[in-house]
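I opened the notebook to look up two sites in this structure. My entries follow.

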Amino acid sequence: MSRVLVTGGCGFIGSHLCLALRSAGHAVRVLDDLSSGSEENLAPGAELILGDVADPATASLVMEGVDLCFHLAAIASVERGALDWLGTHRANLTGAITVMDAARARRIPVIYASSAAIYGDAATLPITEDTPPRPLSAYGADKLGCELHARAAGVVHGIPTLGLRFFNVFGPRQDPRSPYSGVISIFCDRLSRGEAVTIHGDGSQTRDFVPVAQVVAALLAAPRAASVMAPVVNVCTGQATSVRMLAEMLEQACGARGAIRHGPPRSGEIRHSIGSPARAGELLGLGAPPDLRDGLGEVLAWL
Ligand code: NAD
Ligand code: UD2
């Protein structure tokens, strides 16, 4: 049994990870400031320490007696990064450096959340880990910064890390009521209540929607692939879904009619984001994810 720290463990992805870690018999400590997460999400038997991941004293305290750290705490929104550039930077990049620095003192590996946002609008699809990073947002720039600092953690301080470039993750417990939430949780919530949804732009932009179970499988497999070379791995399906197609699938599933509206496109919108899951297959042994429709059904059943 390991003693594991999960930052952001009261959030969407973190809460699923903590449940899986507890089921596997690990002792789990969570650091969370509950800014977007909720105490209701805390996995049974996990210890919660309330605090800010960018505070060095807190990060050092929560690392005590820990063998491994999953760093997921962040302000997980491109739009919030545009509204509060400096505040999100503090949580997203200073927070990651603070965690890596505290891990350095205790010499423990760090598995951290990166994002497909680091790629921006890639010239060729599907996106592999060798596609040049060209973020189009402060959020993406900070996630890329996490990867560069993870490299420093390995080269300068000998700390093993692994960065998981999550594509667009969805599943139960993704906060449906936050305007900054993922598109699937917003659309499922509104359509299931008979309310209209707004597509930003014409809806032809595509995304690679990954079920949270696939993300948890990647996180659980990550520690054995962590190294001082600071590897990074896409967590994606390789399947493209346009936002328009998604809205129509959900409209049909919810029995809603005429509920799709269009608004202005988002500034800095990424047009197409489809990843190659090949490296995740080789390095983490990830298999094919479940079908998108099954995953959408799980979200609707949870609401
Ligand atoms: P989430 O908002 O549900 O969870 C983030 C958690 O971090 C929340 O519980 C929040 O309260 C906590 N937190 C935020 N700032 C904090 C701080 N300064 N100190 C302590 N705790 C803090 O988001 P999520 O979707 O579960 O995302 C988890 C991670 O995965 C994030 O790093 C996010 O950037 C990354 N990611 C998510 C997606 C996605 O599609 N959901 C895709 C790519 C990457
Ligand atoms: C980015 C990252 C993702 C993750 C997330 C933050 C990319 C490709 N993905 O997701 O990995 O880090 O940020 O958690 O960078 N949309 C609508 N109507 C709505 C809401 C969204 O049309 O009401 C559209 C939106 O314009 C976009 C798509 O849906 O084209 C997905 O938006 P999102 O906010 O769910 O996620 P995205 O792609 O910004």
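What volume does the second largest pocket have? I read about 220 Å³, on a model that is predicted.

Source notes: residues are numbered from 1 along each chain as its sequence is written, and chains are lettered from A and ligands numbered from 1 in the order written. In this predicted model, local features need pLDDT of at least 70 and side-chain atom pairs pLDDT 80 or more, while totals for chains, interfaces and linings use all residues; side-chain values use heavy atoms, without hydrogens and water.

**Pocket entry.** I counted 13 lining residues. Thr-237, Gln-239, Pro-290, Asp-291 and Leu-292 lie nearest the pocket's centre. Lining residues have an atom within 4 Å of a point on a 1 Å grid; a pocket is an open set of points where a 1.4 Å probe fits, with protein on both sides within 12 Å along at least five of seven lines. The lining divides into eight nonpolar, three polar and two charged residues.

**Ligand entry.** I then turned to ligand 1. There are 28 residues around ligand 1, each with a heavy atom within 4 Å of it. Phe-12, Ile-13, Asp-32, Ser-36 and Tyr-139 come nearest. By class, I found 14 nonpolar, 10 polar and four charged residues in this shell.

**Contact entry.** I looked up oxygen atoms of ligand 1. One lies 2.8 Å from a backbone N or O atom of Ile-13. For a backbone N or O atom of Gly-11, the distance is 3.0 Å. In the side chain of Lys-143, an N or O atom is 2.9 Å from an oxygen atom of ligand 1.

Key. Polar contact = N/O pair within 3.5 Å; in protein donor to acceptor, adjacent residues only side chain to side chain. Nonpolar A, V, L, I, M, F, W, Y, C, P; charged D, E, K, R; others polar. Points joined across faces, edges and corners; volume = space filled by probe spheres on them.
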